[in-house]
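Please look over the chain shown here.

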Amino acid sequence: GDRVGGDTVHAARVQPRAQQARPRLRGLRRARAGVAALRRPAPAPVPVRGERPLGVYLHIPFCARKCAYCHFAIDPGRPEDARRERYLQALTREIAASRGGDADTLYFGGGTPSLLPPKSVARLLAAVRERYRLATDAKITLKTNPADLSPDSLSALLQSDINHLNLGIQSLDPHILIKIN
C-alpha cells in the first residue's frame with residue numbers, strides 16, 4: 001500500500017502504524033518458538049516424593065456410531081487408516097511432551113479403543129512406558145465393545161500387557177439397544 005503520514009493505505013482502508021505487520025511477526029515468532037519446543041526432547045520423568053502414583057487416561061475417540069446417551073468427544077464411524085494414524089501420532093507426541101512420573105493405572109477410554117488394531121494399542125503402551133514409570137502391578141485397562149474382539153485380537157491385546165478389559169455392555173436386551181442406538 002501507499003504511505004500517508006506514517007500510516008499505510010490499503011485500497012480505501014487506512015491501517016495505523018501500530019497495527020502494521022507487528023502482530024503478525026509476533027505471532028510468527030510464537031509459532032516458531034512452539035515448533036522449536038516440539039523439537040526439543042521432553043525432560044525425564046520427575047519423581048515427586050510423597051505424591052501418590054498417577055492414573056494415565058488415553059482418549060481414543062473412535063466409535064462405530066454415536067450412541068444416543070453419549071456426551072463424549074468421539075469420531076463416529078470407523079476411521080480410515082490415515083486418519084487413525086494421524087490421531088495416534090498426535091497422541092504419541094502428547095504423551096512424549098507430558099511431565100511423566102510414577103503411574104499405577106493406564107486406562108484406554110473413549111470412544112471404543114477396541115476399534116484400534118492391537119499393534120496400535122501396543123505402540124501407545126510403549127509410548128506411555130517411555131514417559132511414565134508404570135508399576136509392575138499396574139492396572140492396564142482397555143475399554144472394549146465385545147463385538148470388536150476376536151480370539152486373535154484378544155490374544156494380541158493380552159500379549160501387549162493389557163490386563164483388564166472394560167466390556168461396554170449397555171444392555172443385554174436387544175430392544176433397549178435399538179432404542180439407545
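Which strands does helix 3 lie across, and at about what angle does it run to strand 8? Helix 3 lies across strand 4, strand 7 and strand 8, running at about 150 degrees to strand 8. Such angles run from 0 to 180 degrees between N-to-C directions of axes fitted to C-alpha atoms, for helices over the stretch in contact.

This is a predicted model, where local features need pLDDT of at least 70, side-chain atom pairs count only at pLDDT 80 or more, and totals for chains, interfaces and linings use all residues. Residues are numbered from 1 along each chain as its sequence is written, and side-chain values use heavy atoms, without hydrogens and water.

**Sheet.** Helices (H or I, at least four residues) and strands (E, at least two) are DSSP runs numbered from the N terminus. Four strands form an open sheet in the order 4-7-8-9, with parallel pairing. Pairing requires at least two DSSP bridges between two strands. Strand 4 and strand 9 are the edges, each pairing on one side only. Neighbouring strands are turned by 20 degrees against each other on average, direction ignored. Strand 4 and strand 7 share seven bridges. Ile-60 stands opposite Gly-110 in strand 7.

**Helix 3.** Its 14 residues should span 20 Å at 1.5 Å a residue, and the end C-alpha atoms are 20 Å apart, which agrees. The expected span is 1.5 Å times one less than the number of residues. Ser-120, Val-121, Leu-124, Leu-125, Ala-127, Val-128 and Arg-131 are buried (under 20% relative accessible area; exposed is over 50%, partly exposed in between; 1.4 Å probe, protein chains only). They cover an arc of only 155 degrees around the axis, so they sit on the same side of helix 3. The arc uses directions from the helix axis to the C-beta atoms. Lys-119 and Glu-130, on the other side, are exposed. The buried residues pack against strand 4, helix 2, strand 7, strand 8 and helix 4.

Beyond four places in sequence, Leu-58 has contacts (heavy atoms within 4.5 Å) including Leu-91, Leu-106 and Leu-124.

**Loop.** Asp-148 lies between strand 8 and helix 4. Asp-148 is buried, at 17% relative accessible area.
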